[in-house]
Amino acid sequence: MTSFKDLEFKGLVDLKDHDPELFDLIEQEKSRQWRSLELIASENFTSKAVIDCLGSALTNKYAEGLPHARYYGGNEVVDQVEELCQKRALEAYGLDPEKWGVNVQPYSGSPANFAVYTALLRPHDRIMGLDLPSGGHLTHGFYTYSKKEGTRKAVSATSVYFESLPYRVDPETGLVDYKQLDRDAGLFKPALIIAGGSAYPRDWDYAKFREIADANGALLMMDMAHISGLVATGEQASPFDVCDVVTTTTHKSLRGPRAGMIFFRKDERGFEGRINQAVFPALQGGPHEHQIAGVATQLLEVMTPEFKIYSQQVKKNAAALAAKLTSLGYTIASGGTENHLVLWDLKPQKITGSKFEKACDAVCITLNKNCVPGDRSAVTPGGVRIGAPALTTRKMVESDFEQVATFLHEVLVVALKLQEKSGPKLKDFVALLDGNAELKSIRERVNKFVTAFPMPGFDPKEMKYQDPMGPPH
Ligand code: PLP
């Protein structure tokens, strides 16, 4: 038998040679990203600098605890990485370190939110967040009703451990119904009110939220995950003036790696210790320092004048898309957008968001089905959500987004024809997509159009699959 000493050292072998199967999958995914119109509002393309951090030796290090108070040795370098990230996070949002602190360790947005609840609430405390079908997020407390069991069903851990009463958008205007929130908060007396959402195309009235929270003795948290890049650049109102806690992801409009952050007020209420404890040791183990480094380097970029111009362009592009779809006779929830996303209500066209999403997938347009105002269930959403951050990163401007809207219109025309043939069932509809000549023609034009734009993060010329039409089948 070969002795351990005689075994070849394989620690420097490239993935390509180490695991060709996995390497190939990554190359396929790069090709998909490069030749698709990426319109998922929560996605973006990170820079090569961010990807360098993610693929760095920092991933090897255990660093349980906080800088200079760790449970393991050897943290003299990662302490500096994490402190740099904290410092830049406060700077990026113009926060005074005497008044605000930040924990940059949450693995992502959902753990960040749950850490806040763990820190500041007791089990079964009451919370109020925007209802999921109104554009809220699962982690803000969402129940469904199970007909089979005849009971309400807690979908996220938030609704397992806390009691939630959602507020909604007005079905006519698509705007948060602050009157309903005010009335219900007066009865429900929540311990925490959560602003923010995943599919809300308008800015938030923080003063109103504060007023309602104060009238009922509630804490106020903003989950700015979607708009954190726009907040950092002043393109959306700042939640920091009035909120007690602000959480965020870092991979949406902020354009960093997948991660989360929690900002908390530093005052006599002692949020700092409670939140830090909730992140570790209550919920997480060792922080992902490679990810924290990626956030830090992205925050450096966020503070540049170029990122401000990018954020402005994101908004302009979303507005151009909404305007073009409106001019084509379509219905945009809330009548437009003030941020990075557009909610397209497909109910007037009598097609579900699920079917349109599948039809778009067939032509390399990536977006997601989404509830629109008036929808009560998240299971059969009446529209789609379209976001501008990723394609703006690829340097598209308003005229390009008008072309994107034209592609979407073309897909919808074909989808409506197919639905006439297939009838209402999604399965029958999907069966007609494959091999459809009109969709194939749109897909080829989409591939050609999008591959003319630059791709951040990796060089398309070094990819295994460089054909704009995709890898050979
Ligand atoms: N909060 C909001 C408002 C979100 O939109 C999302 C994700 O889409 C999250 C939290 C959760 O983030 P993650 O998927 O990183 O856990």
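1. The size of an interface is often given as the accessible area lost when the parts come together.

2. A word on the model itself. It is a predicted one, in which local features need pLDDT of at least 70 and side-chain atom pairs count only at pLDDT 80 or more, while totals for chains, interfaces and linings use all residues. Residues are numbered from 1 along each chain as its sequence is written, and side-chain values use heavy atoms, with hydrogens and water left out.

3. Now the domains. The chain is divided into domain 1 (57-302) and domain 2 (306-457), with bounds that come from an automatic or database domain assignment. Their centres, taken over C-alpha atoms, are separated by 29 Å. Across the interface, 29 residues of domain 1 are in contact with 28 residues of domain 2, where contact means heavy atoms within 4.5 Å.

4. Three salt bridges are counted between domain 1 and domain 2; a salt bridge is a side-chain nitrogen of Lys or Arg within 4 Å of a carboxyl oxygen of Asp or Glu. Lys315 also forms a salt bridge with Glu235, with the closest N and O atoms 3.2 Å apart. Between domain 1 and domain 2 there are 16 residue pairs in polar contact (both at pLDDT 80 or more). A polar contact is a pair of N or O atoms within 3.5 Å; within protein, one must be able to donate a hydrogen and the other to accept it, and residues adjacent in sequence count only if both atoms are side-chain atoms.

5. Which elements give two or more residues to the side of domain 1 that touches domain 2? They are helix H9 (228-232) and helix H11 (289-302). The largest share, three residues, comes from H11. Helices (H or I, at least four residues) and strands (E, at least two) are DSSP runs, numbered from the N terminus.

6. Next, the seven-stranded sheet. This open sheet has the order E4-E12-E11-E10-E9-E5-E8, with mixed pairing; two strands pair if DSSP finds at least two bridges between them. Strand E4 (100-103) and strand E8 (163-164) are the edge strands, each pairing on one side only. Strand E5 (residues 126-128) runs parallel to E8, joined to it by two bridges, and Arg126 has Glu163 in E8 as its bridge partner. Helix H5 (residues 109-120) packs on the sheet, and its direction makes about 160° with that of E11. Axes are lines fitted to C-alpha atoms, for helices over the stretch in contact, and angles run from 0 to 180 degrees between N-to-C directions.

7. There is also an open sheet of four strands, in the order E13-E14-E17-E16, with antiparallel pairing. Its edge strands are strand E13 (331-332) and strand E16 (368-370). Five bridges link strand E14 (residues 341-345) and strand E17 (residues 383-387), and Trp344 has Val384 in E17 as its bridge partner. Helix H12 (residues 305-327) packs on this sheet, touching E13, E14 and E17.

8. Finally, some backbone details to look at. A cis peptide bond, with omega about 15°, joins Phe280 and Pro281, and Pro281 lies in helix H10 (residues 271-283). His124, although not a glycine, has a positive phi of about 75°; His124 sits in the loop between H5 and E5.
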